[in-house]
Structures are given as C-alpha cells and as structure tokens.
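Q: Could you walk me through this one slowly? I'm new to reading structures and would like to go piece by piece.

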Amino acid sequence: MAITKQHLIPLFAISFLLFFQHHCSTTSAQAPALSPAPPGPPDVTKILQKAGQYSVFVRLLKSTQVSDRLIGELKDTDDGKTIFAPTDKAFSALKSGALNSLNDEQRVELVLFHVIPSYIPLSQFQTVSNPMRTQAGDSGDGEFPLNVTTSGNTVVLKTGLTKTSVSGTIYTDGQLAVYRVDQVLQPLQVFAARSSALAPAPGMSRKAADVDGKSKASSLAMQNLALFVVSVIAFALSL
C-alpha cells in the first residue's frame, strides 16, 4: 500500500507528540527537587500567647522590642536561650503602680532579667554557677544577681528581693526553654534603687523633727530674752 501525503501528516503529528511527552517527562525526572526552607527560630510571644495567662509579659516583650531581639539572637547563635515567664497573677502581686512607674530603660532591664543567654534544661540547673548572668547586665551585688538552688526536681530562684520556684515548663526544643514562674523576678538595680529613692531620709521621724524644731525655736527665744534682760540691767546700772 502506498503511503500518501495524507497519511504522512497525521503520522508526523503523532510522532511529534510522543517525542514532546518523552522529553518533558525526562526533564521533569532530572530536575532536582527543591528542599523545604529551614524553619525559623521560635517566637516567644506566640508560645506564651498559646499557653495563656502571660498577657502582661507578652505585652512587655513587645513594647520593649525584646521579642524581636530574641528572634534575631536565636537565629544567629547556637547557644540558645532560657526564659522565666511570670504569669499575669505574678504581675498583679506587685505593689500598686510598681510597673507603671518604671521608665523605658528599667522596663527593658526587667524583661532581660528574665532571660538567660544560654539554653538550660531543667535537669541542668544544679550545674550552673551562681550568680547566673542574665541579659540584663552585670550579675554583681546590687545590680542584676540571680542565684539558683535546686532540691530534687525543685529549682529555686533568688534575686535579693524575690524568691520563687520554677513551677512548670511551657516550652522546650533544645534551643529555647521557657519556664513558668509565679513571681516577677525583681532585680536589685531596678527595684532596690526605686525603694531607696522613695524612702524618707534616715534620722528622726517627721513628728520628731517638728518637735525638735519647736524646741530649738523656744531655746533661741529664751536666749534672746536673757540677752535683753542683761542689757536692760547694764543700762540701768550705768545711770
């Protein structure tokens, strides 16, 4: 049977389609699979929001921009972080107006005092050296010391103004550990300085000072009276 031009056109079209399909499947098979993007560092604020009852601490983390700083540091370092997160009830136990009276710098220091610049599993607190260094600054006396003691599974934190225990693990992944505390860790540098500024000057009470002032005024008046009498007598004798 002779192959005519009319037979060649459909044969050519079928051959082209088969070749095109084979080429596409080969190219697709040879193309390297795209690896998924590495996960970003954990977001402390999202972790605490999911856990609930940490709204005040979350608000402080955001308003001081410490939350953004933590994400950047977790991304750029392998040391990890440990965070002690006070509950809303812990903040409500502070003296009235204590938090609102802090300036911006003191609020940053307060938040950073709850951050340790390394990852510490709960079982490893017994190995840390005191005082622990926080991200608030110098751990020397009168500044930002944070001491830890352990007894079995209990971890006790002491700041010089606050003594509380770690009451639970909120999150841990080998890079970030977030622990619950039921009191706000009050650094000496912030809260002791404020107490000193607000305390009355050492010495007598105001009532005692008033009495002493009146006594001095009375004594001065008696001295003036005595001088007047002496002057009158001297004048009379001179006549």
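Q: Let's start with Gln 65: is it buried or exposed?
A: This is a predicted model, and in it Gln 65 is exposed, with a relative accessible area of 55%.

Q: And where is Gln 65 in the chain?
A: Gln 65 sits in the loop between H3 and H4, and its phi is positive, about 65 degrees, although Gln 65 is not a glycine.

Q: What about Thr 64, buried or exposed?
A: Thr 64 is found in the loop between helix H3 (55-63) and helix H4 (66-76), and it counts as buried because its relative accessibility is 15%, where the cut-off for buried is under 20%.

Q: Which residues is Thr 64 in contact with, leaving aside its neighbours within four places in sequence?
A: Once those neighbours are set aside, Thr 64 is in contact with Arg 107, Val 108 and Val 111. The side chain of Thr 64 also reaches the backbone oxygen of Leu 60, at 2.6 Å.

Q: Switching to strands, how many residues of E6 are buried?
A: Strand E6, residues 176-181, is mostly covered, since five of its six residues are buried.

Q: Which way do E1 and E6 pair, parallel or antiparallel?
A: E1 and E6 pair in the parallel sense over six bridges, and Thr 82 stands opposite Ala 177 in E6.

Q: And how many bridges join E5 to E6?
A: Five bridges join strand E5, residues 163-172, to E6, and these two strands run antiparallel; here Val 166 stands opposite Val 181 in E6. The hairpin of E5 and E6 has three residues between the strands, and in it Gly 174 takes a positive phi near 90 degrees.

Q: Last one: where is the cis peptide bond?
A: A cis peptide bond joins Asn 130 and Pro 131, with omega about -5 degrees, and Pro 131 lies in the loop between strand E2 (115-116) and strand E3 (147-151).

Definitions and conventions
Residues numbered from 1 in each chain as written. Predicted model: local features only at pLDDT ≥ 70, side-chain atom pairs only at ≥ 80, totals over all residues. Heavy atoms only, no water. Helix = DSSP H or I, 4+ residues; strand = E, 2+ residues; numbered from the N terminus. Buried < 20%, exposed > 50% of the residue type's maximum accessible area, 1.4 Å probe, protein only. Polar contact = N/O pair within 3.5 Å; in protein donor to acceptor, adjacent residues only side chain to side chain. Contact = heavy atoms within 4.5 Å. Pairing = 2+ DSSP bridges.
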